[in-house]
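The following briefing concerns a single protein chain. Please inspect the sequence and the model together before reading the notes.

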Amino acid sequence: KKVQPENIPFELLDFNLGERWIPIHYYERFAKHLFEQDTNINYFTSLDTFKVNTYGHNAKIDREYAVTPKSGRTTYGYTMLEHALENTTPFFTYEVTGPDDKPIRVPDNEAIQLAHQKIENIRNGFTDWLRELPDSDKKQLESLYNQTFNCYVLREYDGSHQRFPGLDKKSLGIEELYSSQRNAAWRIVQNRGALVDHEVGLGKTLTMIIAATEMKRLGIVHKPMILALKANVNQITETYHKAYPLARILAPGENDFTPAKRLRMFHEIKNNNWDCIILTHDQFGKIPQSPEIQKEIFQAELDNVERDLETLKDLGGDISKRMLKGLEIRKNNLEGQLKGILKNIEEKKDAGINFKEMGIDHLFVDEAHKFKNLTFTTRHNRVAGLGNMEGSQKALNMLFAVRTLQEKFNADLCVTFLSGTPISNSLTEMYLLFKYLRPKEMERQHIENFDGWAAVFARKTTDFEFSVTNEIIAKERFRHFIKVPELALFYNEVTDYKTSRHIRL
């Protein structure tokens with residue numbers, strides 16, 4: 001039963017300029033107020049880029065919000081507004097004579113600092129402008145915000161009624177399950193997945209075993225698979241046999257995944273009605289992923305790029321060569337990747353078995369933080385500590401598998417991640433969890449990528465510090481979360497978080 005949360009009034013809302021869910025006409029009205037000039041703004045989803053066009057020039061565009069660096073090429077107010085919408089600062093350089101009388105380019109820190117000040121003025125001006133809006137506009141933004149972010153009430157998952165038929169507690173040497181294990185299993189059964197963030201010692205292994213068995217018993221899934229570290233697989237298999245002595249479990253050894261035996265093992269997985277399959281992370285990495293799913297993911301991105309190219313062409317003379325070039329490069333790259341996938345589909349029509357064909361309908365990923373190195377894109381390339389944007393093949397392989405299951409059930413989750421450290425040292429780790437587990441919900445919130453997510457939930461600061469050579473340099477950092485209650489709600493909706501203190505272990 002859905003309960004409507006209490007409405008958050010406009011006065012308590014914290015907005016960033018450039019949040020993608022805010023209707024574009026509000027940004028156009030703000031630009032008209034800022035520049036005293038009619039302004040047209042377009043947003044391109046595939047590049048996550050704003051394009052600002054003003055109908056003419058005036059002192060505000062040419063001087064008040066413009067910056068002329070030492071190189072002499074002025075960056076006008078409309079470009080500064082684009083940077084403000086994207087939460088970036090232009091990086092200016094100029095030419096000097098270096099060693100051996102060769103020209104080199106060095107940062108124009110004075111111009112960068114001035115640009116940052118003007119962009120901050122624009123961003124702060126947006127929040128001041130919002131406060132002066134008529135009540136009808138405030139009401140519309142308030143309503144839209146609450147419908148987008150404040151539309152769920154956290155549910156308590158009470159699994160105390162579950163009886164777990166077939167569970168042999170005596171063999172496990174326990175009198176009863178922890179309440180945290182019962183509740184986590186009930187959450188997984190109800191939502192077809194979760195992020196189980198339990199401290200070491202709270203029995204995550206038994207939690208995923210009972211959840212897998214209950215989902216199978218209730219007909220929610222038919223062939224669950226557990227993925228674990230090589231060091232833990234034997235212990236998980238042993239615990240499963242103790243917990244459910246009659247369960248049909250497939251736990252291949254290392255030698256079963258040699259190239260010569262692998263295809264036979266894939267047929268074993270596909271053609272038998274297993275209660276559970278237990279693999280190591282490395283073994284799972286050897287299972288080919290569905291080329292059709294890869295094709296769908298790349299095709300969706302390509303369709304996005306082509307839509308944006310059409311919009312750019314409609315702008316006619318206002319086309320930005322930089323944006324046009326960026327879109328065309330992106331289109332060519334995606335077309336190249338698609339051709340490779342289509343060639344694979346053509347060549348492997350009768351060969352091998354991929355993950356989609358095996359009939360696996362739920363994944364339990366133990367120590368899921370091992371897959372956190374997922375590829376992402378960002379324009380905040382001068383911000384330290386965002387992690388590796390390239391990602392790893394291992395994580396991309398997991399994303400394809402998760403998307404295969406999400407497509408099958410047309411839902412978020414469809415996988416259970418288990419980890420005591422899902423977020424350890426990077427802002428991007430929280431976003432990437434959502435990218436794995438909540439793609440449909442993020443799409444509903446108009447969040448297409450990391451920058452779109454950061455625009456809603458984080459605030460970046462730029463500090464100007466002295467370098468070792470006594471030059472002023474810009475240091476960009478994400479320092480603050482904003483909309484913390486809504487972000488916590490978004491996280492806790494899918495997360496079962498417990499420490500030993502919660503259950504008085």
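Ile473 counts as partly exposed because its relative accessibility is 27%; the classes are buried under 20% relative accessible area, exposed over 50% and partly exposed in between, with a 1.4 Å probe and protein chains only. Ile473 belongs to strand E12, where helices (H or I, at least four residues) and strands (E, at least two) are DSSP runs numbered from the N terminus. The model is predicted, so local features need pLDDT of at least 70 and side-chain atom pairs count only at pLDDT 80 or more, whereas totals for chains, interfaces and linings use all residues. Residues are numbered from 1 along each chain as its sequence is written, and side-chain values use heavy atoms, with hydrogens and water left out.

**Surroundings of Ile473**
- Apart from neighbours within four places in sequence, Ile473 is in contact with Asn109, Asp463, Phe464, Glu465 and Ser467, contact meaning heavy atoms within 4.5 Å.
- Ile473 and Asn234 are 239 residues apart along the chain, and their C-alpha atoms are separated by 53 Å.

**The chain as a whole**
- The secondary structure comprises 18 helices and 13 strands.
- Along the principal axes, the C-alpha atoms fill a box of roughly 80 × 55 × 50 Å.
- Of the 505 residues in the chain, 50% are buried.
- Contacts between residues at least 6 apart in sequence join residues at least 24 apart in 71% of cases.

**Buried residues and their contacts**
- Glu441, in helix H16 (residues 439–444), counts as buried because its relative accessibility is 7%.
- Glu441 touches Thr148, Tyr152, Asp412 and Phe490, with residues up to four places away in sequence not counted.
- Glu441 and Thr148 are 293 residues apart in sequence, and their C-alpha atoms are 9.6 Å apart in space.
- Thr75 is located in the loop between helix H2 (59–64) and helix H3 (77–86), and its relative accessibility of 14% is why it counts as buried.
- Not counting residues up to four places away in sequence, Thr75 touches Tyr65, Ala66, Val67, Met80 and Phe92.

**Helix packing**
- Two packed helices are described by the angle between their axes and the distance between the axes.
- The axes of helix H8 (residues 204–217) and helix H9 (residues 230–243) come within 10 Å and cross at roughly 55°; axes are lines fitted to C-alpha atoms, for helices over the stretch in contact, and angles run from 0 to 180 degrees between N-to-C directions.
- H8 is therefore oblique to H9, given that angles under 35 degrees count as roughly parallel, over 145 as roughly antiparallel, 65 to 115 as roughly perpendicular and the rest as oblique.
- H8 passes H9 in a right-handed crossing; a crossing is left-handed if the near helix is turned anticlockwise from the far one by less than a right angle, and right-handed if clockwise.
- On the H8 side, Thr205, Leu206, Met208, Ile209, Ala212 and Thr213 meet Gln235, Ile236, Thr239, Tyr240 and Ala243 of H9.
- Helix H15 (residues 427–437) and H18 pack with axes 11 Å apart at an angle of about 50°, and are therefore oblique to each other.
- The crossing of H15 past H18 is left-handed, with the contact made by Met430, Leu433 and Phe434 of H15 and Leu487, Phe490 and Tyr491 of H18.

**Aromatic rings and charges**
- Rings of Phe, Tyr and Trp (its six-membered ring) pair if their centres lie within 6.5 Å; planes under 30 degrees apart count as stacked, over 60 as edge-to-face and the rest as tilted.
- Under this rule there are 27 aromatic pairs.
- Phe15 and Tyr145 form an edge-to-face pair, 6.4 Å centre to centre with 90° between the planes.
- This pair links distant parts of the chain, 130 residues apart, with Phe15 in the segment before helix H1 (24–35) and Tyr145 in helix H5 (residues 135–148).
- Phe15 and Tyr145 are both buried.
- Arg248 lies over the face of Trp274, at 4.8 Å from the ring centre; a charge sits over a ring if NZ of Lys or CZ of Arg is within 6 Å of the ring centre and within 35 degrees of the ring normal.
- Lys394 places its charged end over the ring of Phe371, 5.0 Å from the centre.

**Backbone with positive phi**
- Glu367 is not a glycine, yet has a positive phi of about 50°; Glu367 is in the loop between strand E9 (362–366) and helix H14 (393–409).
- Lys483, also not a glycine, has a positive phi of about 50° and lies in the loop between strand E12 (472–481) and helix H18 (484–492).
- Lys483 is buried, with a relative accessible area of 5%.
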